[in-house]
Amino acid sequence: MEIGFIGLGKMGFPMARRLIEAKHQLTVFDTRKEAVDKLVALGAQAASSPKDIADRCETVLASLPSLQASLEVATGTGGVSDGKRVKRFIDLSTVGSHMATKIHGLLAKKNIVQLDSPVSGGVGGAEKGTLAVMVSGPRADFEIAKPALDVIGKVFFIGEKPGSAQTMKLANNFLSATAMVATSEAVVMGVKSGLDPAVMIDVINSGSGLNTASRDKFPRAVLPRTFDFGFATGLMVKDVRLALEEMKSLGLSMEVAEAVGRLWEVVIRDQGADSDFTEAIKPIEKAAGVIVGGSKGPHAAK
Ligand code: NAD
């Protein structure tokens with residue numbers, strides 16, 4: 001397929017690279033020229049704007065860092081909606097169902113179909129093509145786009161209602177955000193009373209406390225204190241806020257989500273939006289007066 005790809009960041013770059021490797025013809029744009037140049041070296045064509053891409057491709061994918069960026073790229077001046085050839089805009093970003101529905105409506109006025117397609121599985125999943133890809137929008141356009149989406153992960157059709165894949169993604173990321181801070185609190189409690197955090201993580205991962213933070217984030221980025229998992233705190237907080245808004249707009253008040261939301265507001269205030277989201281443990285450590293880190297030897301009792 002001829003595919004346009006806008007936003008070549010931590011997630012967009014490896015997804016675009018996989019599409020090139022799968023022999024799709026890619027035309028790419030990012031406000032960072034160095035990201036475009038790297039993909040051109042791998043076989044992509046460079047475009048000068050979202051409109052330029054939409055003049056050249058029927059299917060345009062985007063992976064962008066904020067709701068405003070998705071709105072501007074899709075519908076702003078020089079955006080996708082000004083393009084002559086584009087038929088469908090597939091947003092891989094997490095923007096929440098309200099923004100997705102707004103973009104859907106604005107694009108529909110120009111006869112452009114919008115498919116929501118938020119993804120989960122992190123930078124590692126984007127590199128390996130193992131993301132969970134959640135799609136909502138018109139089924140016929142989904143079928144046309146599916147061969148491209150298959151390259152980036154396991155594809156789930158959530159429904160035709162605009163924004164429904166975003167609701168699915170927010171439910172997922174609320175759980176991921178909860179796992180990160182809840183595991184941090186559990187491990188900090190253990191360290192405060194003298195337990196070895198590496199032993200704790202091994203036990204949790206062999207027991208019923210297992211979750212994506214204990215399985216992936218602690219061994220890779222927290223215990224070695226590299227804090228380089230590849231998902232910015234600002235993006236995690238965006239998703240937590242969106243999940244809370246989504247719950248409120250449905251008339252729901254959810255106690256765990258409220259508490260998790262408050263904790264992530266402390267994290268972004270203390271660590272900054274550009275920190276890695278695994279640094280969520282730092283304010284919890286600070287309040288407890290401990291640092292989590294540990295040996296890497298074999299821990300299971302023989
Ligand atoms: P990122 O900040 O690394 O990448 C965003 C890219 O978009 C950057 O290259 C930036 O230069 C580019 N960009 C910004 N504004 C632009 C514009 N107006 N026109 C063209 N390019 C523009 O972000 P990311 O981590 O790759 O996340 C992208 C999306 O994927 C977000 O919605 C995020 O919530 C979601 N997501 C991220 C992860 C992760 O682990 N990083 C996982 C799942 C979903």
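Analyst: Happy to! Let's begin with the two domains, because the shell around the ligand draws at least three residues from each of domain 1 (2-160) and domain 2 (167-288). Please keep in mind as you look around that this is a predicted model.

Who sits around the ligand? There are 24 residues around it, and Lys10, Met11, Asp30, Arg32 and Lys238 come nearest. By kind, the residues of this shell divide into 11 nonpolar, 8 polar and 5 charged.

Now zoom in on the oxygen atoms of the ligand. A backbone N or O atom of Lys10 is found 2.9 Å from an oxygen atom of the ligand. For Thr94, a polar backbone atom is 3.0 Å from a ligand oxygen. With Thr31 the side chain takes part: one of its N or O atoms is 3.5 Å from an oxygen atom of the ligand. How much of the ligand does the protein cover? On its own the ligand has 830 Å² of accessible area, and the protein covers 87% of that. Two elements give two or more residues to the shell, namely helix H6 (122-128) and helix H11 (233-249).

H11 also leads us on to the inside of the protein. The largest nonpolar core has 38 residues, and those with the most contacts inside it are Met180, Val187, Val188, Phe218, Trp264, Ile281 and Val292. At least two residues of this core come from each of helix H8 (164-192), helix H9 (197-206), helix H10 (212-222), H11, helix H12 (255-271) and helix H13 (281-288). H8 gives the most, with 9 residues. As background, nonpolar side chains tend to be buried together in soluble globular proteins.

Staying on H8 for a moment, you can find Ala186 in this helix. Is Ala186 buried, exposed or partly exposed? Its relative accessible area is 29%, so Ala186 is partly exposed. To get a sense of distance across the model, pair Ala186 with Arg56: the two are 130 residues apart in sequence and 52 Å apart in space, C-alpha to C-alpha.

The side chain of Asp52 makes a polar contact with the side chain of Arg56, at 3.0 Å. Asp52 belongs to helix H3 (residues 50-56), and Asp52 counts as buried because its relative accessibility is 17%, under the 20% cut-off.

Arg88 is part of strand E5 (residues 88-91), and its side chain makes a polar contact with the side chain of Asp141 at 2.7 Å. Is Arg88 buried or exposed? Arg88 has 5% relative accessibility, so Arg88 counts as buried.

Asn111 is in the loop between helix H5 (96-108) and strand E6 (113-116). Although Asn111 is not a glycine, its phi is positive, at about 60°. Asn111 counts as exposed because its relative accessibility is 71%, over the 50% cut-off. Arg225 sits in the loop between H10 and H11. Phi of Arg225 is near 55°, again a positive value in a residue other than glycine. With a relative accessible area of 28%, Arg225 is partly exposed.

Pro14 lies in helix H1 (residues 12-21), and at 4% relative accessibility Pro14 counts as buried. From Pro14 to Lys109 there are 95 residues in sequence and 32 Å in space, C-alpha to C-alpha. Gln45 is in strand E3 (residues 45-46), and Gln45 counts as partly exposed, at 46% relative accessibility. Gln45 and Gly4 are 41 residues apart along the chain, and their C-alpha atoms are separated by 9.3 Å.

How values were computed:
Residues numbered from 1 in each chain as written. Predicted model: local features only at pLDDT ≥ 70, side-chain atom pairs only at ≥ 80, totals over all residues. Heavy atoms only, no water. Near = heavy atom within 4 Å. Polar contact = N/O pair within 3.5 Å; in protein donor to acceptor, adjacent residues only side chain to side chain. Areas by Shrake-Rupley, 256 points an atom, 1.4 Å probe, with all protein chains shown as cover. Helix = DSSP H or I, 4+ residues; strand = E, 2+ residues; numbered from the N terminus. Nonpolar A, V, L, I, M, F, W, Y, C, P; charged D, E, K, R; others polar. Domains from an automatic or database assignment. Core = buried A, V, L, I, M, F, W, Y, C linked by side-chain atoms within 4.5 Å. Buried < 20%, exposed > 50% of the residue type's maximum accessible area, 1.4 Å probe, protein only.
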